[in-house]
Amino acid sequence: MQHPRPGRTHHQGGGARAAVSLTALLSLSLTGCGVAGLGDDGGGGARSAVGAASVAGIDCADTGKVQGTGSSAQQNAMKYWIKHYQSACPGVRIAYNPIGSGAGGAQFLRGATTFGGSDSALKPDEVERSKDVCRGGRAIDLPMVGGPIAIGYDVPGVEDLTLDAATLAKIFDREITMWDDPEIRLLNPGADLPSMPVRPVHRSDDSGTTQNFQAYLAGAAPEVWTHPVAKAWQGTGGASASGSSGVASEVTSGVGAIGYFELSFARARQIKTVSVDTGAPAAVAPTPATASAGIAAAQVAGKGRDMKLKFRYDASTPGAYPIVQVTYEIVCDKGNQKATLPALKSFLTYTASKVGQKDLSRLNYAPLPESVAGQVRDVVGTLS
């Protein structure tokens with residue numbers, strides 16, 4: 001379905017306290033509790049580390065314990081990476097606790113973890129605070145995995161739905177309240193839209209996914225979405241739920257509901273998703289490939305070795321899905337702990353490698369474009 005529309009503009013902008021010591025976090029990694037990590041490779045211990053590394057294309061560190069916390073959006077990617085890395089490198093222990101971007105960043109800035117995972121880049125005040133942890137250096141953002149933020153919906157009889165930035169902004173700000181609204185009809189001339197209330201659902205917790213979604217709305221429809229871009233929801237009214245899983249559950253349990261979450265939640269629960277009219281010749285559905293195309297259009301806006309990305313939300317590139325987020329690994333450029341530095345560099349070099357990125361689409365993530373991943377590997381090699 002084709003709906004040429006005019007383009008719009010914006011770019012992406014930038015804790016919870018969790019009193020968990022590094023010792024406690026490493027203990028969690030050994031006992032499960034939702035932490036991604038493996039104690040041994042489940043029968044692969046007889047394989048030599050050299051042989052396994054050669055097969056997997058991983059340059060292993062000899063030993064080390066690396067603890068990360070943060071974004072739940074990259075949880076499944078981390079599980080995949082940790083499983084394959086530790087299978088190849090049994091001397092290294094990696095653990096990741098998906099406690100959320102805000103809490104993960106706070107843990108890193110307290111010096112409790114080796115790296116943090118965040119769906120938004122560091123703010124200037126966080127960079128300044130990081131100098132207490134990164135002795136002689138500062139924290140930097142390394143984009144590591146991307147993905148589309150899908151807009152899932154439950155409208156009886158509507159299998160294909162196209163919306164643009166303005167209609168999405170009005171829906172989530174309660175300006176459009178019925179599914180047969182003229183603006184939705186204009187974008188979906190062949191759909192049998194029911195006269196049914198729209199029930200928008202947003203995150204109740206602070207979230208990088210919320211921040212990225214609101215950045216898209218503010219950038220692509222600034223005349224409609226005038227709220228600040230923040231991790232906390234800024235829109236008017238609507239239902240709320242904790243976490244992407246909570247929002248997905250609300251969408252599936254309420255007829256007429258619409259919400260935002262990572263594509264993996266839509267795929268796992270078979271939730272119908274919106275195609276976005278960007279002004280390109282055809283509306284774009286959320287897929288790993290279309291999200292990668294959207295990430296490829298971003299520019300590196302960070303200073304020095306920081307790789308914060310800036311997105312252009314008014315772009316109408318054919319086949320590029322515009323509502324994307326990138327999860328960053330937050331690390332020290334200098335001042336990393338000597339005991340963990342070799343393992344940290346080895347692991348992040350693998351995650352940013354072609355081997356580490358190539359299968360992410362099977363997990364509903366968007367692999368980094370090689371133009372970005374190559375820069376990430378270069379920066380990882382300079383960490384000290």
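Reply: S292 lies in helix α11, which covers residues 288–296; helices (DSSP runs of H or I, at least four residues) and strands (runs of E, at least two) are numbered from the N terminus. Because this is a predicted model, local features need pLDDT of at least 70 and side-chain atom pairs count only at pLDDT 80 or more, while totals for chains, interfaces and linings use all residues. Residues are numbered from 1 along each chain as its sequence is written, and side-chain values use heavy atoms, with hydrogens and water left out.

S292 counts as buried because its relative accessibility is 15%, where buried means under 20% relative accessible area, exposed over 50% and partly exposed in between, with a 1.4 Å probe and protein chains only. Leaving aside residues up to four places away in sequence, S292 touches A366, P367 and P369, a contact being heavy atoms within 4.5 Å.

We can now turn to helix α14, residues 370–380, in which V372, A373, G374, V376, V379 and V380 are buried. These buried residues of α14 pack against β5 (139–153) and also against α12 (341–351). Helix α12 is itself largely enclosed by the rest of the structure, because eight of its 11 residues are buried. Those buried residues of α12 are L341, A343, L344, S346, F347, L348, Y350 and T351.

Helix α12 also packs with α3 (residues 75–88), at an angle of about 115 degrees and with the two axes 11 Å apart; axes are lines fitted to C-alpha atoms over the stretch in contact, and angles run from 0 to 180 degrees between N-to-C directions. On the α3 side the contact is made by M78, Y80, W81, I82, H84 and Y85, and on the α12 side by A343, S346, F347, Y350 and T351. Among the residues of this contact, eight are nonpolar, three are polar and none is charged (Ala, Val, Leu, Ile, Met, Phe, Trp, Tyr, Cys and Pro count as nonpolar, Asp, Glu, Lys and Arg as charged, the others, Gly among them, as polar).

With a relative accessible area of 31%, V355 is partly exposed. V355 and G57 are 298 residues apart in sequence, yet their C-alpha atoms are 6.9 Å apart in space.

Finally, there are the cavities, each a set of points on a 1 Å grid over the protein atoms alone where a 1.4 Å probe fits but cannot get out, with lining residues having an atom within 4 Å of a point. The largest cavity holds about 120 Å³ of space, a volume being the space filled by probe spheres set on the points, which are joined across faces, edges and corners. Its lining has 14 residues, of which G294, R312, A315, Y321 and P322 lie nearest the centre, and the lining divides into nine nonpolar, four polar and one charged.

The second largest cavity has a volume of about 100 Å³ and is lined by 14 residues, with A73, G146, G147, E262 and Y365 nearest its centre. At least two lining residues come from each of β5, α10 (263–269) and β14 (324–332), and β5 gives the largest share, four residues. The lining of the second largest cavity comprises six nonpolar, seven polar and one charged.

Methods
On a 1 Å grid over the protein atoms alone, a cavity is a set of points where a 1.4 Å probe fits but cannot get out, and a pocket is an open set with protein on both sides within 12 Å along at least five of seven lines; lining residues have an atom within 4 Å of a point.
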